[in-house]
Amino acid sequence: MPSGYSPPTTTDSIGRRFNPLPGLRITLGFTVFYLSVLVLIPIAVLVVRAAAVPPGKLLSAAFDQQARAAYAFSLWSSLAAAATNMVFGSLMAWVLVRYTFPGRRLLEGLIDFPFALPTAVAGLTLANLFSDHGWVGRYLAHVGIHGAYTPLGVIIALTFVGLPFSVRTLQPVLEEFDPLVEEAAASLGAGRMRTFLSVIAPTLMPTALTGFGLAFARALGEYGSIVFISGNLPSTQIAPMIIVIRLDEYDYAGAMAVAITLMAISFAVLYILNRLQGWSAKFQRI
Amino acid sequence: MNGSSQPTKDPPAIKWLLIGIVGLFSVVFLLLPLINVFVQAFSLGWAHYGAVLAERDTKSAIRMTLLVAAISVPLNVIFGLAGAWAIAKFRFHGRTILLTLIDLPFAISPVVAGLLFVLAFGAHGMFGAWLEAHHVKIIFALPGMTLATIFVTFPFVVRELIPIMETQGTAQEEAALILGANGWQTFWRVTLPSVKWGLLYGIILCNARAMGEFGAVSVVSGHIAGQTDTLPLRVEKLYNEFDPAAPFAVASLLGLLALLTLVIKSFLEWKSAGER
């Protein structure tokens, strides 16, 4: 789950028993209705329809060879993209918060570009940019790297769509980071590298992992950009593509089986990241 | 923002090395993709660009995109305001469940979202026979595309509003009520003005995503040219044809939307920072 916010601890004026504000019944009713129509009923339909399929058939559809290859590729390409984002996103957040340099404002504005750009356009332009004739791809081609219609291309697109998550989760935490802590470390004799590794990095780790989780979840479900940059090869098939293929074949059982597995993988990874985040947060208190 | 005034203890060599790496990365991954959209769009000249945009199917895609956004964004705004009011201003059982449900679209692939609606309302869907008997078409038509878009975009407004409304607490609303305002007056004159920048922020993010959604809409649209194709779907169709500039011409409209979104977003951030 994307990091939930924590309810305020000052519940003085919002105590449940003496809340004088009107409208709870109608707003809550509408909220529940809206979420039911959009989320609960469709998911219940999926569950009911999947339950009607013989379990053996569902299992074999969920784990046939094509689907297994797609999960594996989806997983590792999403992990690679999220990891790339964690490295470069942290670097970007650091540079944006700590330094002044020409073009800083432009960079600040551009970070959210992948949020604002439709993923189909992202896939289209990245595929062109990294193709062997593109502005970037022509130089990469010289050294034998092909960034479009390859697994690498998929990672490039997934990195693009996930980049803002890493930067934007880390940035506010870095801004709040007290320079006195660094100064204390320095005055106790720690070098810059030591300060970074044993004071700054552990403090930022839980947040970096949150960003990693968000970027990963986004990458695992991504479809639009991949349609363009994957070149539709067997080696670049991601799990959402298998769902679309099954639907085109009117194989609803197959589509459901893959969809359920994909959701299970997504939730499992988010759960693990959540635990990891809680674990690394223990080191946050200095 | 005020980080720049802090004394950095990084050696200048490290500082400029890091800036260089980030700069190069940003140029390759952010700036060039943006510029490339427009350069490719005009690679066969202005006349060609105009001709692609004037095609009947492109115009229909523009209409469809605007229509889907015009329905789904206002609904998400109403949901956002209602949901944030209930969740931020009150404490009740099941509140965390609601929050989890609101976050769910972030963890579910848009393709799966589309599939959910096909399974429910498609020709072979659970309610398919009933819908057909009553001549209601949801899948491969506007209602399904709108539902799929709403599914993918509904968290944006509400997630933006909840933290703001929580921080503001209920003291101001209580004061208004004590002074004799009724519920609506309190909402319109006290709550809404205090969340307006956050609300607008959520709206433009929601709108950008609604107009640009591909996966969910692709699954439920049926790809009927001139009827159910939205702009992103039109881009895909043109990509599979022979004209290399045509998909970019249509994509440039969405690129402009992205740029506009970024500009408004920066403006709103500047506005709300000024008021704090």
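Student: Before we start, what is a nonpolar core here?

Tutor: A nonpolar core is a set of buried Ala, Val, Leu, Ile, Met, Phe, Trp, Tyr and Cys residues joined through C-beta atoms within 7 Å. A residue is buried if 20 or more other C-beta atoms lie within 10 Å of its own, exposed if 12 or fewer, and partly exposed in between, with C-beta atoms placed from the backbone. This is a predicted model, in which local features need pLDDT of at least 70 and side-chain atom pairs count only at pLDDT 80 or more, while totals for chains, interfaces and linings use all residues. Residues are numbered from 1 along each chain as its sequence is written, and chains are lettered from A and ligands numbered from 1 in the order in which they are written.

Student: How many residues has the largest core, and which have the most contacts inside it?

Tutor: The largest nonpolar core has 156 residues. A:Ala157, A:Val258, B:Leu115 and B:Ala148 have the most contacts inside it. Helix α3 (residues 56-89) of chain B gives the most to this core, namely 13 residues. Helices are DSSP runs of H or I with at least four residues, strands are runs of E with at least two, and both are numbered from the N terminus. The core also draws at least three residues from each of domain 1 (24-53) and domain 2 (55-281) of chain A, the bounds coming from an automatic or database domain assignment.

Student: What does A:Val258 touch?

Tutor: Not counting residues up to four places away in sequence, A:Val258 touches A:Ala62, A:Ala67, A:Ala239, A:Ile242, A:Ile243 and A:Arg246. Contact means that the C-beta atoms, placed from the backbone, lie within 7 Å.

Student: Changing topic, how many residues does each chain give to the contact between them?

Tutor: Chain B gives 86 residues and chain A gives 84 residues. On the side of chain B, the largest share, 17 residues, comes from helix α1 (residues 12-41). That side divides into 56 nonpolar, 19 polar and eleven charged residues. Here Ala, Val, Leu, Ile, Met, Phe, Trp, Tyr, Cys and Pro count as nonpolar, Asp, Glu, Lys and Arg as charged, and the others, Gly among them, as polar.

Student: Where is A:Val39, and why does it count as partly exposed?

Tutor: A:Val39 lies in helix α1 (residues 24-51) of chain A. A:Val39 counts as partly exposed because it has 19 C-beta neighbours inside 10 Å. Leaving aside neighbours within four places in sequence, A:Val39 is in contact with B:Leu101 and B:Leu104.

Student: What about the chains overall?

Tutor: Chain A has 13 helices and zero strands, and chain B likewise has 13 helices and zero strands. Buried residues make up 44% of the 286 residues in chain A and 46% of the 276 residues in chain B.

Note on methods: Contact = placed C-beta atoms within 7 Å.
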